[in-house]
Amino acid sequence: MRHAYPFSALVGQDAMKRAMILTAVDPGIGGVLVLGDRGTGKSTAVRALAALLPPIEIVAGSPTNAAAPELQADWEAPGEALHEVPTPVVDLPLGATEDRVVGALDIERALSRGEKAFEPGLLARANRGYLYIDEVNLLEDHVVDLLLDVAQSGENVIEREGLSVRHDARFVLVGSGNPEEGELRPQLLDRFGLSVEVGSPTDVEERIEVIRRRVAFEADPATFVSKWAPEDAAIRDGILAGRRALAGVDMPDAALRDCAELCLALGSDGLRGELTLARTARALAAYSGADRIEREHLRAVAPMALGHRLRRDPLDEAGSQARVGRAVDDVLA
């Protein structure tokens, strides 16, 4: 059995871990963009979080991970039995074709049986799970356009080669990349709910601890996973409790006013910034066991919710995180 590295065993990278936990509490936040150096645990974190989450229940054999027979797409083979599978994590390779991503005509069945059938793509497999894109800033434009459409609607629609099919495609989009290798298209950047920057540890003891844990995991994965299982279980219980409490968290007018004033102070375009900030603060409040959004929740999540939505200011050499920090200090003083 192949073991995933425990989420709780990740050293440092607190902002990245918090962002991923909050999207697990409320997947509607819109995914996480992780920018930074290679080898900083970005792909390890998303796989560790998915392994930590409880399995999902699907109709046996459903290629779209349908939760019930009545939720299956009309082109799927009907099913009745339900069974549990791990939360899916699907990698979207940079060189993936459009057919591989959205699905296409099943050529083999068309040639051998003369049947017009649909072969699902990566978006079907990622439904109700995670779609992970490494080096997302290098993704081809036509694939970016596809993702934009699906991320907005939560549904994958294919109209081509005589096919007219659709299916649910609701997933948490996680992208990682190195900004030095190319910028992300603004349209896709805006679709990520949260954005965090990660870097290599600068503390010697922290780097040593990373090496020590990795060596221990590779030497005996089962024992290492068992050692960290209680802490992973605590995070899982917190996520599940947060999901149950989410709808009951109060969003007072004072908190909404803070969201609006903060976005105005930063010059954020549109209203997606306010909506994401409020939603993320509510998820943090639910995960923390609070019954209403407080300013401390807004302060904690503002950099990750707003940092990637700022207009460039050529006269301000400070990074986006610093600019958000200044605005938070002014507005939420």
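In which helix does lysine 17 lie? In this predicted model, lysine 17 belongs to helix α1, which spans residues 14-25. The legends below begin with that residue.

View 1. When neighbours within four places in sequence are set aside, the residues in contact with lysine 17 are Phe7, Leu10 and Gly12.

**View 2. Packing of helix α1 with helix α12.** Helix α12 comprises residues 295-306, and its axis comes within 11 Å of that of α1. The two axes cross at roughly 90 degrees, which means that α1 is roughly perpendicular to α12. From α1, the contact involves Ala15, Arg18, Ala19 and Leu22; from α12, Ala300, Val301 and Met304 take part. By class, the residues of this contact of α1 with α12 are 6 nonpolar, no polar and 1 charged.

**View 3. Packing of helix α10 with helix α13.** Helix α10 (residues 253-266) packs with helix α13 (residues 320-331) at an angle of about 130 degrees, and their axes are 10 Å apart. At this angle, α10 is oblique to α13. The crossing of α10 past α13 is right-handed. On the α10 side, the contact is formed by Asp258, Glu261, Leu262, Ala265 and Leu266, and on the α13 side by Arg323, Val324, Ala327, Val328 and Val331. This contact of α10 with α13 contains 7 nonpolar and 3 charged residues, with no polar residues.

**View 4. The open sheet of 5 strands.** The strands are arranged in the order β4-β7-β10-β1-β11, and their pairing is parallel. Strands β4 (89-91) and β11 (194-198) stand at the edges. Each of these has a single partner strand, so one side of each lacks a neighbour in the sheet. From one strand to the next, the twist averages 20 degrees.

**View 5. The pairing of strands β1 and β10.** Strand β1 (residues 32-36) and strand β10 (residues 172-177) run parallel and are joined by 4 bridges. Opposite leucine 33 stands glycine 175, a residue of β10.

**View 6. Helix α2 against the sheet strands.** Helix α2, residues 42-52, lies across β1, β4, β7, β10 and β11. Relative to β7 (130-134), α2 runs at about 170 degrees.

Note on methods: Residues numbered from 1 in each chain as written. Predicted model: local features only at pLDDT ≥ 70, side-chain atom pairs only at ≥ 80, totals over all residues. Heavy atoms only, no water. Axes fitted to C-alpha atoms, helices over the stretch in contact; angles between N-to-C directions. Helix = DSSP H or I, 4+ residues; strand = E, 2+ residues; numbered from the N terminus. Parallel < 35°, antiparallel > 145°, perpendicular 65-115°, else oblique. Left-handed = near helix turned anticlockwise from the far one by under 90°. Contact = heavy atoms within 4.5 Å. Nonpolar A, V, L, I, M, F, W, Y, C, P; charged D, E, K, R; others polar. Pairing = 2+ DSSP bridges.
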